[in-house]
Amino acid sequence: MKKIGVLAFQGGVIEHVKKIEEIGHIPVLVKKIEDLDGIDGLILPGGESTTIGKFLIETGVKEKILSLAEQGMPMWGTCAGAILLSKTIKNQGSGVLPLLDIVIERNAYGSQLDSFKKEVFVLRFNKTTECVFIRAPKIVDVGSNVEVLAQLDTPIAVLQGTILATTFHPELTSQNYWHSFFVENVIK
Ligand code: GLN
């Protein structure tokens, strides 16, 4: 069994915790630096990226995550979490944890399409997965070292080494594909 940290300042924390338990692993709520000790991977949930970013900086958790990333700690950002991991946020500088070589645009699906669901085929799983988008960002550019795992008009799931990002919320569906993929293929 692996210990999976879930950054727990704000946002969709409990849903990720439940998924981790469902697939037989141990969730660890991360709110302070010591909570990061002994985890095998870290999930950065959706929510409000500016708020989560402020907590990351104020608590010093940001610096510790960056040093763990240097040591190869696997991380997965969903929605706001993906924004935090982006090297470039369009018109806004960079994410608080700029580990992923992508350009992301916040709230890019516009007000009318604030939330929607879509079935998307993922070659890597050979399965169709349900994707829930909530005031989602769009990945508008990816570096040459970034693998695109799923795509609508633009990439919606990307992997660079041990850093995974999805612009949607797999924790809000009944499927476990993305959580299993993170634990079995990204963490290993
Ligand atoms: N719109 C949010 C932001 O920019 C992200 C939305 C989400 O995580 N569901 O931070």
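1. Two strands count as paired here if DSSP finds at least two bridges between them. By that criterion β4 and β12 pair, in the parallel sense, over four bridges. Within this pairing, M75 stands opposite I163 in β12. This is a predicted model, and the points below should be read with that in mind.

2. I43 is the residue opposite W76 in β4.

3. Are the faces of strand β4 (residues 75-78) covered or open? Both are covered, with M75 and G77 buried on one side and W76 and T78 buried on the other. In a regular strand the side chains alternate between the two faces of the sheet.

4. A165 sits in strand β12. A165 is buried, with a relative accessible area of 0%. Leaving aside neighbours within four places in sequence, A165 is in contact with W76 and G77, and also with A82, L100, I156, A157 and V158. From A165 to S144 the separation is 21 residues in sequence and 16 Å in space, C-alpha to C-alpha.

5. Which residues does UniProt list for "active site"? The unreviewed entry gives C79, H169 and E171. They span 93 residues in sequence, yet no two of their C-alpha atoms are more than 11.1 Å apart, so they gather at one spot. The lining of the largest pocket includes C79, H169 and E171.

6. H169 is found in the loop between β12 (163-166) and α5 (177-187). Its relative accessibility is 7%, so H169 counts as buried. Not counting residues up to four places away in sequence, H169 touches G46, C79, V132 and I134; one of these, C79, is also listed in the UniProt entry.

7. E171 lies in the loop between β12 and α5. At 6% relative accessibility, E171 counts as buried. Beyond four places in sequence, the contacts of E171 are G12, E15, H16, K19, T78 and H179. The side chains of E171 and H169 are joined by a polar contact of 2.7 Å.

8. T173 also lies in the loop between β12 and α5, and counts as buried at 11% relative accessibility. A polar atom of the T173 side chain is 3.1 Å from the backbone oxygen of P170. The side chain of T173 also reaches the backbone nitrogen of Q175, at 3.2 Å. Setting aside residues up to four places away in sequence, T173 touches K19, E130 and V132.

9. What surrounds the ligand? The residues are G46, G47, E48, S49, C79, A80, I83, R106, N107, I134, R135 and H169. C79 and H169, which are among them, are also in the UniProt "active site" list.

10. A polar backbone atom of S49 is 2.7 Å from an oxygen atom of the ligand. For R106, an N or O atom in the side chain is 2.7 Å from an oxygen atom of the ligand. At I134, a backbone N or O atom lies 2.9 Å from a nitrogen atom of the ligand.

How values were computed
Residues are numbered from 1 along each chain as its sequence is written. This is a predicted model: local features need pLDDT of at least 70, side-chain atom pairs count only at pLDDT 80 or more; totals for chains, interfaces and linings use all residues. Side-chain values use heavy atoms; hydrogens and water are left out. UniProt positions are given in the numbering used here, feature names are shortened, and annotations may be inferred rather than shown by experiment. On a 1 Å grid over the protein atoms alone, a cavity is a set of points where a 1.4 Å probe fits but cannot get out, and a pocket is an open set with protein on both sides within 12 Å along at least five of seven lines; lining residues have an atom within 4 Å of a point. Helices (H or I, at least four residues) and strands (E, at least two) are DSSP runs, numbered from the N terminus. Buried means under 20% relative accessible area, exposed over 50%, partly exposed in between (1.4 Å probe, protein chains only). Contact means heavy atoms within 4.5 Å. A polar contact is a pair of N or O atoms within 3.5 Å; within protein, one must be able to donate a hydrogen and the other to accept it, and residues adjacent in sequence count only if both atoms are side-chain atoms. A residue is near a molecule or strand if one of its heavy atoms lies within 4 Å of it.
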